[in-house]
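Here is my note on this model. Please read the points with the structure open.

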Amino acid sequence: MTDVLTVCDLRAGYAGTTVLDGVGLTVPEGAVVALLGRNGAGKTTLVHTVMGLLKPYSGSIRIGGREVAGAAAHTVARAGVAIVPQGRRVFAPLTVAENLGLAARRGDRAWTVERVYELMPRLAGRRGHRGDQLSGGEQQMLAIGRALLRDPRLLLLDEPSDGLAPAVVDHVAGLLERLRGEGIAALLVEQDLHLAFRLADEVAVMRKGQIVHRGPTAEFRADRARAHSLLGVG
Ligand SMILES: Nc1ncnc2c1ncn2[C@@H]1O[C@H](COP(=O)(O)OP(=O)(O)OP(=O)(O)O)[C@@H](O)[C@H]1O
């Protein structure tokens, strides 16, 4: 299987400090890889660096074989990557339809606003509501819808369950499962292990800016002692 994302020996940080200390990671075409790790391990920093929102000090980031390390976010987006950021970041004063309209692209696209509404009828019912009138779950759906309108081959999902009630997390998980069924690959940063295990084919664990474990989800899940030592959870 070919990889949609290949990260090699990536170093990055803020104002000269090192946060990513030689990260190596791949996401196979169509697969979901959960990126786990304690707070401050560097997961969001990795996602931002892959997206082109933070310039790396050194190392390689390839999207489908194309080198994008150091490229601007719009270039990375054109290569097929879309981010669903932590905290969702929908435009609060704009309606659902306006938020989606800003992300929509012209031409022959796999994902249109209508298709996003078909996937998420709840958003269709709220199309005239402003971003700040939506529930957390609806905002998360809107953030996912915006990302889909970029026709991604790789989604970067930064803690999609954050701040959502369990029933809403379950609903969002169902949506993400459908996207996996569509063959969209994802790098999923997630603190909710149930969600990560439900969605991910493989698990990568980050500690102090490095990937310290990588393997199939089922194997990781079965080895509670190792999960505990890597993540500090049972
Ligand atoms: N904008 C920033 N400026 C300076 N330092 C930052 C910035 N963002 C993150 N850091 C630092 O980088 C390190 C890694 O943070 P990062 O947010 O990538 O971790 P994380 O694994 O995503 O954690 P969390 O689960 O808390 O989001 C932390 O020490 C953090 O303080």
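A residue counts as buried if 20 or more other C-beta atoms lie within 10 Å of its own, exposed if 12 or fewer, and partly exposed in between, with C-beta atoms placed from the backbone. Helices (H or I, at least four residues) and strands (E, at least two) are DSSP runs, numbered from the N terminus.

This is a predicted model: local features need pLDDT of at least 70, side-chain atom pairs count only at pLDDT 80 or more, and totals for chains, interfaces and linings use all residues. Residues are numbered from 1 along each chain as its sequence is written.

1. Start with helix α1, residues 43-51. Nine of its nine residues are buried, so the helix is largely enclosed by the rest of the structure. Among them are K43, T44, T45, L46 and H48. G52 follows α1 and has a positive phi, near 90°.

2. Now the ligand. Its surroundings include Y14, V19, G37, N39, K43, T44 and T45 (a residue is near if its C-beta atom, placed from the backbone, lies within 6 Å).

3. Strand β6 covers residues 81-84. V81 and I83 point one way, A82 and V84 the other, and all are buried. In a regular strand the side chains alternate between the two faces of the sheet. β6 runs parallel to β7 (residues 154-158), joined by four bridges (strands pair if DSSP finds at least two bridges between them). V81 has L154 as its bridge partner in β7.

4. Check two loop residues. A15 is not a glycine, yet its phi is positive, about 50°. A15 sits in the loop between β1 (3-12) and β2 (20-28). A15 is exposed, with 4 other C-beta atoms within 10 Å. D151, also not a glycine, has a positive phi near 55°. D151 lies in the loop between α6 (136-148) and β7. D151 is partly exposed, with 17 other C-beta atoms within 10 Å.
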